[in-house]
Amino acid sequence: MKYHISAKTKLLCLIGHPVEHSMSPIMHNAVLKQMGMDFVYVAFSVISKSLKKAVKGIKALNIKGVNVTIPHKQNIIPYLDYIDPLAKNIGAVNTIKNEDGTLKATNTDARGAKDALLNAGCKISGKNIVILGAGGAARALCFTLGEDAELLTIANRTEHKAKELAEEIRKKLDVKVEGYSNNPRIINNLVKKADILINSTPVGMFPDINQIPIPESIIHSDLFVFDIIYNPIKTLLINKAEKVGCNTLGGLDMLVNQGALAFEWWTGKKPDTTIMKNKIIEYMGHDHVRQ
Ligand code: NAP
């Protein structure tokens, strides 16, 4: 099938700041082309003070679908027309659909992460999960994994943020949840008892690929280790966990899943996630790090 960008082509986009590192245009355009769909996906760098004007622009330019990334996932909410219950609980959106001028929003990071874990053979139900970090991604993880987990423990550099997030989850979900600082002694005790360890901090992300968010010595073989970082595709944490014999998962599947869920919502068609994933791997090059 021939693929043209014409005067009829419909627009999908990402807004955030910065956006230059994003893999979303790569994976979305790959499947749009393969499916012969008359859409194109581009990225717009939008600074915080221009966010309201950018949202007006979505309606004015009839942009059909939008992904939202750092730093707008929370601040954009007041400018939208409808937020679904999951995104409302999380307090952050990453996907918007423009339905005849009505902007509806959801959070596909949450289901993207859970599906990635389940597809990797990780059982969530009844498990003790330790989450490093208490930022936007941690919120999405907590609200979706908290539906099934036995115990959620959030360990964060800024302790009060972990405690506040735990308190918020406790009010909204029926799960045991605790918040702590990321003090090494505390982390050591938490990880000893955990079934699943999730890194939702940027520690280990390019360019600081030689960093690890917890001491290597406390990783034990009964842990399932999920690092949501996808650049590099395999972080130092994942490499060390593999050496100990843990089951592991990197962030690429979550990234692809959240994109695929958004794509399906916008277009009504299920994309081939293998194509999306392979295109990102190809784009990242042989060393699997995007510089
Ligand atoms: P965020 O909202 O900025 O939160 C970052 C969290 O990490 C905060 O809790 C912060 O602690 C903590 N942190 C930052 N630097 C740290 C350090 N040097 N040591 C210890 N803790 C540190 O960011 P986010 O949106 O949650 O994203 C976090 C990571 O997840 C990024 O690497 C991002 O690329 C990745 N991510 C992946 C996907 C995916 O699809 N795979 C999706 C979303 C995000 P404080 O509270 O103390 O600041």
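In which hand, right-handed or left-handed, does α9 pass α10? The points below take up this question together with other features of the model, which is a predicted one.

1. **Overall dimensions.** The secondary structure of the protein chain comes to 10 helices and 12 strands. Its radius of gyration is 19 Å, close to the 19 Å that the globule rule gives for 291 residues, so the chain is as compact as a globular protein of that length. Taken along the principal axes, the C-alpha atoms fill a box of roughly 60 × 45 × 30 Å.

2. **Burial and contact range.** Of the 291 residues in the protein chain, 49% are buried. Where contacts join residues at least 6 apart in sequence, 67% of those contacts join residues at least 24 apart.

3. **The α9 and α10 pair.** To return to the opening question, the crossing in which α9 passes α10 is right-handed. The two helices pack at an angle of about 130°, with their axes 10 Å apart, and α9 is therefore oblique to α10, given that an angle has to be over 145 degrees to count as roughly antiparallel. On the α9 side the contact is made by Leu252, Asp253, Leu255, Val256, Gly259 and Ala260, which meet Thr273, Met276, Lys277, Ile280 and Ile281 in α10. Sorted by class, this contact has 7 nonpolar, 2 polar and 2 charged residues.

4. **The α1 and α9 pair.** Helix α9 also meets α1, and here the axes come within 10 Å and cross at roughly 50°, which makes α1 oblique to α9. The crossing of α1 and α9 is right-handed. Met27, His28, Val31 and Leu32 in α1 are in contact with Leu255, Val256, Gln258, Gly259, Phe263 and Trp266 in α9; by class, the contact has 7 nonpolar, 3 polar and no charged residues.

5. Helix α1 spans residues 24–34, and within it Ser24, Pro25, Met27, His28, Ala30, Val31 and Leu32 are buried. What covers these buried residues includes the strands β1 (10–16), β2 (39–45) and β3 (65–68), as well as the helices α9 (252–267) and α10 (273–284). Just after α1, Gly36 takes a positive phi of about 65°.

6. **The α5 and α6 pair.** The axes of α5 (residues 136–145) and α6 (residues 159–172) come within 11 Å and cross at roughly 30°, and the two helices are therefore roughly parallel to each other. Their crossing is right-handed. Arg139, Cys142 and Phe143 in α5 meet Leu165, Glu168, Ile169 and Lys172 in α6, a contact that by class has 4 nonpolar, no polar and 3 charged residues.

7. **Asn119 and Asp253.** Asn119 is found in helix α4 (residues 108–119) and is exposed, with a relative accessible area of 66%. Although Asn119 and Asp253 are 134 residues apart along the chain, their C-alpha atoms are separated by 9.2 Å. Asp253 is also one of the α9 residues that meet α10.

8. **Cis peptide bonds.** The bond from Ile70 to Pro71 is cis, with omega near 5°, and Pro71 has its place in the loop between β3 and β4 (82–83). The bond from Phe206 to Pro207 is likewise cis, with omega near 10°, and Pro207 is found in the loop between β10 (196–199) and β11 (224–227). A reader may wish to look at these loops in the model.

9. Asp100 lies in the loop between β5 (95–99) and β6 (102–106) and is exposed, with a relative accessible area of 82%.

How values were computed: Residues numbered from 1 in each chain as written. Predicted model: local features only at pLDDT ≥ 70, side-chain atom pairs only at ≥ 80, totals over all residues. Heavy atoms only, no water. Axes fitted to C-alpha atoms, helices over the stretch in contact; angles between N-to-C directions. Helix = DSSP H or I, 4+ residues; strand = E, 2+ residues; numbered from the N terminus. Parallel < 35°, antiparallel > 145°, perpendicular 65-115°, else oblique. Left-handed = near helix turned anticlockwise from the far one by under 90°. Contact = heavy atoms within 4.5 Å. Nonpolar A, V, L, I, M, F, W, Y, C, P; charged D, E, K, R; others polar. Rg over C-alpha atoms; globule rule 2.2 N^0.38 Å. Buried < 20%, exposed > 50% of the residue type's maximum accessible area, 1.4 Å probe, protein only.
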